[in-house]
Every structure is written in structure tokens, then in C-alpha cells.
Amino acid sequence: IRILIVKGGYLVKFELVDNGVDSLKFGIEFYEKFMDLEDIYNENNPGYLKMAIMSIHNTIELFTKKLLINVNDLLIFDDELGNEALLKLFSEQLVRRAQGRKHIPIDWYLVFTNADVKTIGYRKCIDRLKSIYKLDQRYYNTLEELGSYRNKLTHFGLDKQLELTPVLLVINDSLELIDTFFYKY
């Protein structure tokens, strides 16, 4: 979390990594609660598996966007280079550079100006991650499957008779990826 003093008060900004870590904590907590259920096949279970998948998916997306930003801020934007707010920022950056003033990070500028700029979705995130960071195909497939489960849960629901083994493998592989690949970077 960053706190910035601005005219008239403070601006609290939650960083991508902080948000990702929070989602990871929730994801692990929900996953543990699911695994601790007396009967994980009980139709009346409280949705811990669903919340674990959604939280871990969110973690991966946020960590991926952070890695892309580390390469170049523009990698998390999709077809937005013609966006007026970004063009104005680029102009401001040129003026600041000419005056020897400090660079304004894109994310800070967008927060301050309340710009309506959208970032790329999960699929583009993992595609760019794979290309830039040479992500192993096995891990890429895991991330695709995680995204598929998350979409099914969010938009369609999942049949209560779902075979849990593949779902649990994807969650475990996603957590391994966070622990090895994302932690490394």
C-alpha cells in the first residue's frame, strides 16, 4: 500500500502485488476450508471451492499484470494507445523530461485523472506472460484451465457432480506456479 500526500489530504493506493497477495490469502483460506469439509461432495457445501478458484485466478491475473508492467507499463493496456488520457500522459511525460522533472507512473496518472482506460483481460495477460517470460507450456495450460474453471463458475455455474480431481490438480498447480515462477520474479 502506498500513501501519497496530495493537496487536501492523502491518497491511498493499493498496489497490484498487495491486491494479489490479499487474493492469494483468501484463495488459500477458502481452499483449506473446502478441503476440511467433512463431505466435499455434499451439495450444500458453502462455496469454498468456487471462492478458492476465483481468488486464485484473481491472484494470477494481478501478479501477471505486475510482471508485464515491470517490462513496460503499456503491456497491460489493450488497444488503448489512442485513448485521450494516455496521449495526454505521454505529452506530460515529454514536458516533465524536458524540465528535468520526475517521471509519473502511468497507474498513478490514471488514478489522479480518473481516466477511463481498461486493462487487458486474463487471456491476453497469460498469452503475453508466456511470450515474454517464456512460460513453460505445462504452466500455461494450467493457467488456461484455471481461467476456464473461473469463467464457468462465474458465468454458468458448475454441475455439482463435477469430477473434482482435475479441478484440485489445477488449483494445486496454480499454487505451485505462484510459489515458484511468480515468487521468483
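Is R138 buried, partly exposed or exposed? In this predicted model, R138 has a relative accessibility of 40% and counts as partly exposed. R138 takes part in a salt bridge with D173, where the closest N and O atoms lie 3.6 Å apart. D173 sits in helix α7 (residues 164-184) and R138 in helix α6, so this pair ties together parts that are 35 residues apart in sequence. E176 also forms a salt bridge with R138. Here the closest N and O atoms are 3.8 Å apart. This pair again links distant parts of the chain, with E176 in helix α7 and R138 in helix α6, 38 residues apart. E176 is partly exposed, at 33% relative accessibility.

In total, the structure holds 6 salt bridges. Another of them joins R123 to E144, with 2.8 Å between the closest N and O atoms. R123 belongs to helix α5 (residues 122-133) and E144 to helix α6 (residues 137-156), so the pair ties together parts that are 21 residues apart in sequence. R123 is partly exposed, with a relative accessible area of 47%. E144 is partly exposed as well, with a relative accessible area of 27%. Salt bridges link R123, D127 and E144 in a network.

T64 was examined next. T64 lies in helix α2, which spans residues 48-71. Its relative accessible area is 0%, so T64 is buried; the cut-off for buried is under 20%. Leaving aside residues up to four places away in sequence, T64 touches C125, I126, L129 and F182.

Terms used
Residues are numbered from 1 along each chain as its sequence is written. This is a predicted model: local features need pLDDT of at least 70, side-chain atom pairs count only at pLDDT 80 or more; totals for chains, interfaces and linings use all residues. Side-chain values use heavy atoms; hydrogens and water are left out. Helices (H or I, at least four residues) and strands (E, at least two) are DSSP runs, numbered from the N terminus. Buried means under 20% relative accessible area, exposed over 50%, partly exposed in between (1.4 Å probe, protein chains only). Contact means heavy atoms within 4.5 Å. A salt bridge is a side-chain nitrogen of Lys or Arg within 4 Å of a carboxyl oxygen of Asp or Glu.
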